[in-house]
Number of protein chains: 2
Amino acid sequence: MHAGIIGGTGHEGRGVAARLASAGVPVLVGSRQLERAQETVAALGTSLALGAATNEQVASDCDVVFLAVPFSGVAELLEAFRTRFRPGALVIDLTVPLTFDRGVPAIADVAEGSATEFIRARLPVEVRLAAAFKTIPASALAKIDTPLDCDEFVCGDTPEVSAAAIDLLSRIPSLRLLDAGGLQSARLIERMTALAIVLNKRYKVRGARFKMVGV
Amino acid sequence: MHAGIIGGTGHEGRGVAARLASAGVPVLVGSRQLERAQETVAALGTSLALGAATNEQVASDCDVVFLAVPFSGVAELLEAFRTRFRPGALVIDLTVPLTFDRGVPAIADVAEGSATEFIRARLPVEVRLAAAFKTIPASALAKIDTPLDCDEFVCGDTPEVSAAAIDLLSRIPSLRLLDAGGLQSARLIERMTALAIVLNKRYKVRGARFKMVGV
């Protein structure tokens, strides 16, 4: 299995790359410019199983493709890349349609209901889609020596697609992956990202994340 | 201070009544019919500081009024009650505009953005409004001998209003109240209720609730 990250040099993307590689999953860090991907791989440390690639290469070559670009760039990116993905590839969407109004985070209205459903509408049917890592702050992901000690919520096209994503991501120690149902659950999950940012600001922390009690 | 619950005989309302009364806060359990309120008070146990009242009495007599009716009944209720509330009273909204589509929970579109903002638009300006207890399942609240061991998210008109609600609710042991900002945060919090229900169904539990890590 080859895993790669489109937008792997961004805060969230590089955090996921570091966590997966630390767990022994080789990851291709993608960027628009190969040089930037190479810089990120070097910065994350040569002891990790990371490679550098262009975003195009990640889309073409990987069986599991994390989509970690800003939501504002997703439409254009998928327009350019949609025919590149491998049939049967698993795309894992990390995007959140965040907006800020005078410093207060909110979720932009997306006609499809959520960023994940927006992406589903623009991916070929033979490409599978799940969502994950929407609620864990990049700053928490980045500290790979600090256990995450939290839950993350996964939703997918079907229970089988969610299970495939959960199976991969469960290799990250100290993270519990919870199956949150179909893609429409992204409408719920994306808003939790905004709440985590509200709490980060209010309590002057950077790593607010979620854990379920009673599950 | 007098606290009371409009809709105190429903699942969520009686759970809040039991938790508050167990913490030593006397609570008026309100219902449309006084007899039903009396039945609930008797069922919850005579050792608790609970009284029975009509919903009208709760609105007229209490400084803190929990609104625990189904969201579908809120508009009519506020139309009838809006002039009854005391000036300066604190209304704490527990409602969630839940809908179900073939068993999958979702949040209904509310023009104001959330149930709490819907209520704000229908309350006199001199009545203060906060939201709380939107995400904790009634079944977890009901088991008063079991610690909640979770967080709950409070939002309010102003930081002072949120602080007043948090101050009261902090008397419940094993519950941490987090200040989640202004009323627009209800848009985020209400969707977490739907997610908790998704997880309850998926994992065959009844008490899924939230705890923040890193805060």
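Which residue just after α2(A) takes a positive phi? In this predicted model, that residue is A:Gly45, whose phi is about 115°; helices (H or I, at least four residues) and strands (E, at least two) are here DSSP runs, numbered from the N terminus. Residues are numbered from 1 along each chain as its sequence is written, while chains are lettered from A and ligands numbered from 1 in the order in which they are written. Because the model is predicted, local features need pLDDT of at least 70 and side-chain atom pairs count only at pLDDT 80 or more, whereas totals for chains, interfaces and linings use all residues.

Helix α2 of chain A, which spans residues 34-44, has as its buried residues A:Ala37, A:Thr40, A:Val41 and A:Leu44, a residue being buried if 20 or more other C-beta atoms lie within 10 Å of its own, exposed if 12 or fewer, and partly exposed in between, with C-beta atoms placed from the backbone. Seen down the axis of α2(A), these buried residues fall within an arc of 100°, so they line one face of the helix; the arc is that of the directions from the helix axis to the C-beta atoms. The face turned away from the buried side carries the exposed residues A:Glu35, A:Ala42 and A:Ala43. The buried residues of α2(A) pack against α1 (11-22), β2 (27-31) and β3 (50-54) of chain A, where two residues are in contact if their C-beta atoms, placed from the backbone, lie within 7 Å.

One of the residues of helix α1 of chain A is A:Ala18, which is buried, with 22 other C-beta atoms within 10 Å. Not counting residues up to four places away in sequence, A:Ala18 touches A:Leu44, A:Leu48, A:Leu141, A:Ala142 and A:Ile144. A:Ala18 and A:Val29 are eleven residues apart in sequence, and their C-alpha atoms are 9.8 Å apart in space.

In chain A, eight strands form an open sheet of mixed pairing, in the order β3-β2-β1-β4-β5-β8-β9-β10; two strands pair if DSSP finds at least two bridges between them. At the edges stand β3 and β10 (175-182) of chain A, each with a single partner strand, so one side of each is left without a neighbour in the sheet. The twist averages 25° from one strand to the next, axes being lines fitted to C-alpha atoms, for helices over the stretch in contact, and angles running from 0 to 180 degrees between N-to-C directions. Within this sheet, strand β5 (residues 90-93) and strand β8 (residues 128-131) of chain A pair in the parallel sense over four bridges, and A:Leu90 stands opposite A:Arg128 in β8(A). Helix α2(A) packs on the sheet, touching β2 and β3 of chain A, and its direction makes about 165° with that of β3(A). Helix α8 (residues 186-203) of chain A also packs on the sheet, where α8(A) touches β8, β9 (150-156) and β10 of chain A and makes about 145° in direction with β9(A).

In chain B, strand β8 (residues 128-131) and strand β9 (residues 150-156) pair in the antiparallel sense over two bridges, and the bridge partner of B:Ala131 in β9(B) is B:Cys155. Strand β6 (residues 98-101) of chain B runs antiparallel to β7(B), to which four bridges join it, with B:Phe100 opposite B:Pro105 in β7(B). These two strands, β6(B) and β7(B), form a hairpin with two residues between them, and B:Arg102 in the turn has a positive phi of about 50°.

A rotation of 180° with 0.0 Å of shift along its axis superposes chain B on chain A with an RMSD of 0.0 Å, the superposition being by least squares on the C-alpha atoms of residues with pLDDT of at least 70 in both copies. The two copies are thus related as by a two-fold rotation axis. Of the residues of chain B, B:Lys211 comes closest to the rotation axis, with its C-alpha at 2.6 Å. The same surface serves both copies, in that 100% of the contact residues of chain B recur in chain A.

The contact takes 32 residues from chain B and 32 residues from chain A. The elements that give two or more residues to the side of chain B that touches chain A are β7 (104-107), β10 (175-179), α8 (186-202) and β11 (209-213) of chain B, and α8(B) gives the most, with ten residues.
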